Amino acid sequence: MKAIYTWSAILVIVFASVVGDVLLARAMRQVGDVGALRRRSGLGVVIGRTLGNPYFLFGVMAMAVAFFSLLFALSWGDVSLVAPAAASLTFIGNAVAARIFLHEKVDRRRWIAASLVAAGVALLAG
Amino acid sequence: MNFRKYLVLAGVTVFAAAGDSMLSHGMKQTGSISVHHLQGAIFAVLNPWVAIGILLLLAFFATYMTALSWADLTYVLPATSLGYVLLALVARFVLHEHVSPLRWLGIALITGGVGFIAGGPSLTEHSHAKGDDTSQEARAMADAAKSALLAKDARNGAPTGVRS
């Protein structure tokens with residue numbers, strides 16, 4: 001029973017962090033190259049434009065949900081299961097979501113890299 | 001990708017790893033926080049290690065957002081995972097802890113994965129967007145044109161309308 005709780009919490013973590021990452025990436029794509037923008041209009045404009053972007057605010061909220069689900073998951077399961085499972089599933093989920101929602105060209109090179117990194121994280125944190 | 005951008009990516013890696021380890025070091029000193037005693041989280045912030053950890057994670061967030069403004073999510077994310085490798089290397093060579101063979105394999109996989117990504121383009125070129133990395137698009141167009149010429153007769157195989 002506890003395993004079901006733990007795995008549901010892990011799935012919530014993965015879902016929330018993927019949603020958060022995609023929203024944050026989309027927000028920053030709209031803001032544009034931060035370095036160039038800062039040289040042109042100053043740091044205040046960069047910060048204002050980022051914080052004023054609705055995608056950014058929702059992204060931060062999704063990240064907060066992911067963080068609190070992590071706390072819950074850690075209270076039900078071992079850190080040696082929760083942390084690597086959540087991290088490596090998030091890598092795979094992000095590759096899929098970036099392709100669908102951000103229209104990034106996730107070619108074979110990036111698929112292989114995402115799988116290698118996910119496997120590596122699982123081994124390292126386990 | 002220029003030197004400044006690689007520096008930002010290095011910042012993403014280092015700030016994430018340093019912030020996480022400061023935070024976990026501080027939280028071990030303050031003790032665990034239960035869901036029923038969330039006020040413990042407020043006192044945890046008073047611990048200097050936790051405070052430094054939070055500052056470092058804010059720096060991580062700023063560099064991460066900067067990187068996402070000019071690179072793909074699937075390009076930046078593997079860079080964050082290099083932090084795990086960094087932590088394992090610090091554990092082995094600075095703290096002289098034992099690192100198991102399985103963890104070395106994990107290090108090798110992550111490093112290999114990041115190397116794979118770093119060899120490719122950092123940003124997907126959309127037809128309406130103009131980025132600083134046009135060589136990829138030019139190469140793709142050249143490849144498409146070449147295969148079109150090979151596949152068809154030279155008369156109807158002119159690469160008009162070939163667009164990546």
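From the N terminus on, chain B runs α-α-α-α-α-α, which comes to six helices and zero strands. Helices here are DSSP runs of H or I with at least four residues, strands are runs of E with at least two, and both are numbered from the N terminus. Keep in mind that this is a predicted model, where local features need pLDDT of at least 70, side-chain atom pairs count only at pLDDT 80 or more, and totals for chains, interfaces and linings use all residues. As for labels, residues are numbered from 1 along each chain as its sequence is written, while chains are lettered from A and ligands numbered from 1 in the order in which they are written.

- The predictor gives the complex an ipTM of 0.85 and a pTM of 0.76.
- Chain B has a mean pLDDT of 75, with 69% of its residues at 70 or more; pLDDT is the predictor's confidence in each residue, from 0 to 100.
- Within chain B, confidence is highest in helix 3 (residues 48-70), at a mean of 91, and lowest in helix 6 (residues 135-151), at 56.
- Two stretches of chain B stay under 50 in pLDDT: residues 128-134, with five contacts beyond four places in sequence, and residues 153-164, with 17 such contacts.

**Inside chain B**

- Of the 164 residues in chain B, 31% are buried. Buried means 20 or more other C-beta atoms within 10 Å of the residue's own, exposed means 12 or fewer, and partly exposed is in between, with C-beta atoms placed from the backbone.
- Take contacts in chain B between residues at least 6 apart in sequence: 59% of them join residues at least 24 apart. A contact is a pair of residues whose C-beta atoms, placed from the backbone, lie within 7 Å.
- Where does A16(B) sit? Its place is in helix 1 (residues 3-30) of chain B.
- A16(B) counts as buried because 25 other C-beta atoms lie within 10 Å.
- Leaving out residues up to four places away in sequence, A16(B) touches F60(B), T80(B) and G83(B).
- A16(B) and F116(B) are 100 residues apart in sequence, and 21 Å separates them in space, C-alpha to C-alpha.

**Where chain A meets chain B**

- On the chain A side, 34 residues are in contact with 30 residues of chain B.
- Helix 1 (2-31), helix 2 (34-41), helix 5 (79-101) and helix 6 (108-125) of chain A each supply at least two residues of that side.
- Helix 6 of chain A gives the largest share, 13 residues.
- By class, the side of chain A that touches chain B has 21 nonpolar, seven polar and six charged residues. Nonpolar covers Ala, Val, Leu, Ile, Met, Phe, Trp, Tyr, Cys and Pro; charged covers Asp, Glu, Lys and Arg; the others, Gly among them, are polar.

**Helices 5 and 6 of chain A**

- Helix 5 and helix 6 of chain A pack at about 175°, with their axes 8 Å apart. Axes are lines fitted to C-alpha atoms, for helices over the stretch in contact, and angles run from 0 to 180 degrees between N-to-C directions.
- That angle is why helix 5 of chain A is roughly antiparallel to helix 6 of chain A, a label for angles over 145 degrees.
- Residues making the contact include F91(A) and I92(A) from helix 5 and W111(A) and V117(A) from helix 6 of chain A.
- The residues of this contact divide into 13 nonpolar, one polar and one charged.

- H103(A) lies in the loop between helix 5 and helix 6 of chain A.
- H103(A) counts as exposed because it has 10 C-beta neighbours inside 10 Å.
- Most residues other than glycine have a negative phi. H103(A), although not a glycine, has a positive phi of about 55°.

Technical notes:
Angles under 35 degrees count as roughly parallel, over 145 as roughly antiparallel, 65 to 115 as roughly perpendicular and the rest as oblique.
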